[in-house]
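Reader: Could you take one part of this model and walk me through it closely? I'd like the cut-offs along the way.

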Amino acid sequence: TTDSSTAALDTGDAATYDLTPLISPYLDLHMMFPLLEYIDSLISAGTISYSSLDVAQARLELLKPTHMVDYAMDIYREVHGV
């Protein structure tokens, strides 16, 4: 027999178990970037059903109050196709 937790595992979508929205308010901005990079890797692997563009836009929003100008320019180019 399978219970609901096993059935959720069978769907193959890691978004079901993503705690990013719950923990992100408690993380320093600089700690969010590796987490979002990891989410991008899950998107590339097809493990999670988020939009890569949405994740890039979230990174760009997080970069606004920082002094990480070079990284912000790279993400801006990725989002806007420049």
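Author: Here's a close look at helix H5 and what surrounds it. This is a predicted model, so to speak: local features need pLDDT of at least 70, side-chain atom pairs count only at pLDDT 80 or more, and totals for chains, interfaces and linings use all residues. Residues are numbered from 1 along each chain as its sequence is written, and side-chain values use heavy atoms, leaving out hydrogens and water.

H5 takes in residues 69-80, 12 residues in all; helices here are DSSP runs of H or I, at least four residues, numbered from the N terminus. From first C-alpha to last, H5 reaches 16 Å, close to the 16 Å expected at 1.5 Å a residue (that is 1.5 Å times one less than the number of residues).

Ala72, Ile75 and Val79 of H5 are buried (under 20% relative accessible area with a 1.4 Å probe, protein chains only; exposed is over 50%, partly exposed in between). They sit on the same side of H5, because they cover an arc of only 65° around the axis, taken from the directions from the helix axis to the C-beta atoms. Helix H4 (52-63) is included in what covers them.

Leaving aside neighbours within four places in sequence, alanine 72 is in contact (heavy atoms within 4.5 Å) with Leu60 and Leu63. Its C-alpha is 9.1 Å from that of glutamate 61, 11 residues away along the chain.

Terms used:
Helix = DSSP H or I, 4+ residues; strand = E, 2+ residues; numbered from the N terminus.
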